[in-house]
Amino acid sequence: MGEFSGKNVFVTGGASGIGHATALKFIEQGATVLITDLNEKAGTEIANNHENLFFAPHDVADEKSWQQAIAKMKSICGSMDILVNCAGVSFSDPLEDMTLERWRQQQAVNVDGTFLGVKYAIREMKERKGAIVNIASIASDVGIFAAVGYCATKGAVKSLTKAAALYCAQYKYDIRVNAIQPGYIETPMVTDVLHINKDAERLAQKLKKMHPLGHFGEPDDIAHAILFAASDRAKFMTGTSIPVDGGYLAQ
Ligand SMILES: NC(=O)c1ccc[n+]([C@@H]2O[C@H](COP(=O)([O-])OP(=O)(O)OC[C@H]3O[C@@H](n4cnc5c(N)ncnc54)[C@H](O)[C@@H]3O)[C@@H](O)[C@H]2O)c1
């Protein structure tokens, strides 16, 4: 018996990084988990290697794809108790060169994807009880000159989280909505960007020093916070965003 025994959890972006780590923590705690992702190969492989963990192909930017993924969740588990909106992309096009198309692609995944998840999760959970955890970022609160579009998306995720929490409270739905704000976490999102940089090691050291604890976080650091926000231990917490960032935002 674990803390999440009997709970059905939907994790987007579950084929990599933070979403993957989060899915594993939930099954360790007794949950049944559906991970969804664009990356079918990685998602299928993870599902094949774990009991009580299933995979559905999913593009979070596409409304029809949400409807199909939710239908798959219901066919496997019957219902949804927890949604973790983790899928995301980070583009580093310079502001002056970023095309409107690239701007919109990033908005579509990070903002539209989170909105659609919140919308459909509320519809599924409002007659019972539920928790939604969105993944915002330190970039919700501070600007990063090399990631202007990304900052705009994560600011939106934080605001959406507050408003959706108030919406649920207003309509007396027993659904809490919160967000986690990671600092730099060692996942493909960060390591891929470092690897295309000419001086990857120097950039990594510089970024690590921006965290007062002096290093990047691990996916599990974020997974632990997500599980807390999704749990009954956080029953008086809604509409908030918790930084898990090695002190980045405390400066
Ligand atoms: N790694 C960090 O430093 C960091 C910091 C702050 C916030 N975040 C946020 O955490 C979340 C997870 O990021 P990560 O670091 O684990 O990155 P990651 O690249 O390891 O994982 C992201 C996953 O999302 C999937 N994905 C991308 N577009 C999708 C779409 N349209 N539909 C479905 N799946 C899609 C990818 O295939 C990938 O598996 C993201 O929202 C990211 O913005 C990450």
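A polar contact is a pair of N or O atoms within 3.5 Å; within protein, one must be able to donate a hydrogen and the other to accept it, and residues adjacent in sequence count only if both atoms are side-chain atoms. The model examined here is predicted, so local features need pLDDT of at least 70 and side-chain atom pairs count only at pLDDT 80 or more, while totals for chains, interfaces and linings use all residues. Residues are numbered from 1 along each chain as its sequence is written, and side-chain values use heavy atoms, with hydrogens and water left out.

A backbone N or O atom of His 58 lies 3.4 Å from a ligand nitrogen, and a side-chain N or O atom of Asp 59 is 2.9 Å from a nitrogen of the ligand. On the oxygen side, a polar side-chain atom of Lys 154 lies 2.9 Å from a ligand oxygen. Of the 820 Å² that the ligand exposes when taken alone, the protein buries 92% (Shrake-Rupley method, 1.4 Å probe).

Around the ligand stand 27 residues, of which Ser 16, Asp 37, Tyr 150, Ile 185 and Thr 187 come nearest (a residue is near if one of its heavy atoms lies within 4 Å). By class, this shell has 16 nonpolar, eight polar and three charged residues.

Turning to the cysteines, the structure holds zero disulfides (pairs of cysteine sulfur atoms within 2.5 Å). Cys 77 is in none, as the nearest cysteine sulfur, that of Cys 86, is 18 Å away. The sulfur of Cys 168 is 20 Å from its closest counterpart, in Cys 86, which is too far for a bond.

Key. Nonpolar A, V, L, I, M, F, W, Y, C, P; charged D, E, K, R; others polar.
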